[in-house]
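Here is a short briefing on one protein model. Look at the structure first, then read the points below.

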Amino acid sequence: MMSKRIIEEKPEYLDDEELDYLPSEIYLLPLSERPFFPPQTLPILMSEEVWRDSIEQISQSRDKVAGLILTQTPELNAATADDFSTIGTLVSIHHPVMASGKVQFIAEGIHRFRIVRWISDEPPYKVEVDYPQEPAYRKNEKIKAYAIAIINSLRELMPLNPLYSDELKYFLDRFDPYEPSPLTDFAASITTADKESLQEILETVNLRVRMQKVLKLIQKELEVAELQVEIRQQVEDKMSLQQRNFFLREQLKTIQKELGIAKDDRTADIDRFNKALEKLTLPDQALKRVDEEMLKFSILETGSPEYAVTRNYLDVICNLPWGIYSKDRVSLRGAQQVLNREHAGLKDVKQRILEFLAVGSLKGEISGSILLFVGPPGVGKTSIGRSIANALGRKFFRFSLGGMRDDAEIKGHRRTYIGAMPGKIIQALKEVETSNPVIMLDEIDKVGSSYHGDPASALLEVLDPEQNDNFLDHYLDVRTDLSHVLFICTANQLDTIPRALLDRMEIIRLSGYLTQEKIEIAQKYLWPRQIERCGLKNSQINLSDVALRKLIENYAREAGVRNLDKQLGRLARKAVMKISTGKAKKVSISGKSLVDFLGQARFDQEQPMQAIGVMTGLAWTSMGGTTLNIEVARIHQKARGLKLTGNLGKVMKESAEIAYSYIAGSFSEEFCKNKNCDDFFDKSLIHLHVPEGATPKDGPSAGITIASALVSLARNERVKTTYAMTGEMTLTGFVLAVGGVREKIIAARRARIKNLILPAACLGVYEELPAYLKVGMTVKFVKHYNEVFAILFAD
């Protein structure tokens, strides 16, 4: 049973004779948007599936009437008895039609009703009702005054919205405008008030109170309508002004054209293109294509789609720097000054760059060169490319290849496509306005491929000095000379770069920075820049050398300096916070207070583990070099076997199996003298683990490290001197060369390991390393594992 709502004034009811034609039991039909008022006549649309039975019952009844009543839920199909309001409107149902899953009928309002009792609380809903009677108002001056006020308000509304006029005309056909009750209900029904406010009007039987509420609704409606008219007028005024200006401009163009003092758009564009071409030196092929396009452009209709396509094409080709070259500054001394001014450390990289520039200096120009900078993130690959451009006095343009999957990004779209545009290379030439810029292709190791094409294959033509003097962009469809462009590519690793593309580039490796180099970079470049960004003065903040070294070793140990720059930025911002809040006038950051600013250290000091069955290896990652502890242990003596854990890759697993096979096969003969361990591997399950299991590890360079850990376990002996080692091992014990020697030596220095074991095949690479990396290091070069054993376990 529904809860009854409180009516503001107890109504009077009709006499028995007057109630004869109104049924006491009716079927209900719910409404969700707004209530239905007695003066209204409107079409109603409902779902056939749910309300078909109700409509049929109503159609079969003698009076063909039903109750339209507002529900609290917007889902009519899921409405329950508790969702229905208390008071609704009795309506007469006309012309019910069922089609396309919907029921449509005309509802004509008769009288308010109030639910007394529920007969059926499931569809079809049926209730017992009574009919509230309004008090008789005979010559009541207040009611008459309210009625006149409502009529006047409606008159003000009519000019503001034509829809009100149509509804008022229909109301006047059915009712006397001076009948107060229908007038009040009609006035409420045409407003855009929310359904709760309208239901409150419907439930208010007392006419005077109802008229007061309706007057407030109409006043709000009047304010909204006036605001709408004002907004519409503003828009129309603006549009009228724009149209007026447009017509005036067109008239002005016509007058100027007749007087010969102005040209139409087509003629102006042709003159502009010809003026641009006078400053350029186009090759014959390009000049021929431009003449053809200009002829076509001059005869095309301006409204033709081909007109816009041709105009865009001419705009691109006439704004390319044909024959325009910036003069190179090939002074080695000047280039060296620029590199030293903008970069600290990287002496070997600078030397390679100066050698490259020296060749250009001797020839008088630098052309046909493609450099590839390979190194971890944050080591300065992009900034070095910009420094080279500054040293040469050339324009610099950079774009990233990371995630590029469409070769049209490189070679352009054909003009048959809507929105076609040239590739990035041509766009770069147009932007820098010279034919010999420095173009940096960033993240070349992250180029993708898809059904759209393979950008890496498109780069083969761009980065080949033997081909790029006739580079063909699909949009231009004209040969372009890229041989004077200096291309510089960057990558974090070489594995994902196609071999054919890699062969076209000269590789320069940037391995990363030592702690001392990072300190110098931070003091000269990063820290002053962060102070300036935060608006600080040097007198307001002080960062001690001890704090800076501790920050680098414990918070920013990566090969590059990008994270170091972020941490210095955090320090500067926290200092600004203290100064701004008045907690301090000057902030001093020491080694002890660093934790207060940055929290606990992210990295622990790398300490090589010294224990039986544990050896320290050296590994290369895309983030730089690192030390790697390898552990082996005997699980039980019931069966022979090898168990591997630590998120190892396929190649590293093979290295472990090779080392195990070699050591277990020749152990008793070579490595177990006087240790009483001849049958150690015959009856032992060995577990090999590489810590930090969440980090994937792969590569062949851990071979001798794994073999040494196995020997240490079997001999029950740990090495007396801490060594870090790297080298691939064969099944016969030979030690092969590995890569990343520089990065691995940097990692060993960072971990303060001075003794290294490297493959003899890496001696040449080691000799080429800068002297500051080799100072204080003791390196043993080995060809066979027997030499490794002699170094580690010599009696």
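Serine 92 stands opposite glutamate 108 in strand 6. This is a predicted model, in which local features need pLDDT of at least 70 and side-chain atom pairs count only at pLDDT 80 or more, while totals for chains, interfaces and linings use all residues. Residues are numbered from 1 along each chain as its sequence is written, and side-chain values use heavy atoms, with hydrogens and water left out.

**Strand pairing**

- Helices (H or I, at least four residues) and strands (E, at least two) are DSSP runs, numbered from the N terminus.
- Two strands pair if DSSP finds at least two bridges between them.
- Strand 5 (residues 87-99) runs antiparallel to strand 6, with 11 bridges.
- These two strands form a hairpin with 2 residues between them. Serine 100 in the turn has a positive phi of about 55 degrees.
- Strand 6 (residues 102-120) also pairs with strand 3 (residues 41-47), in the antiparallel sense over 7 bridges.
- Here leucine 45 has glutamine 104 of strand 6 as its bridge partner.
- Strand 7 (residues 126-130) pairs with strand 6 in the antiparallel sense over 5 bridges. Tryptophan 118 is bridged to valine 127 in strand 7.
- Strand 6 and strand 7 form a hairpin too, with 5 residues between them.

**Nonpolar cores**

- A nonpolar core is a set of buried Ala, Val, Leu, Ile, Met, Phe, Trp, Tyr and Cys residues joined through side-chain atoms within 4.5 Å.
- Buried means under 20% relative accessible area, exposed means over 50%, and partly exposed lies in between (1.4 Å probe, protein chains only).
- The largest core has 53 residues. Among those touching the most other members are Ile353, Phe373 and Ile388.
- Helix 17 (residues 515-533) gives this core its largest share, 6 residues.
- A second, separate core has 52 residues, including Ile317 and Leu501.
- Contact means heavy atoms within 4.5 Å. Leaving aside neighbours within four places in sequence, isoleucine 353 is in contact with Leu339, Phe373, Ile384, Ile388 and Ile508.

**Partly exposed residues**

- Valine 235 lies in helix 6 (residues 207-259). Valine 235 counts as partly exposed because its relative accessibility is 43%.
- Alanine 737 sits in the loop between strand 24 (735-736) and helix 23 (741-750). Its relative accessible area is 41%, so alanine 737 is partly exposed.
- The C-alpha atoms of alanine 737 and leucine 763 are 9.3 Å apart, and the two residues are 26 residues apart along the chain.
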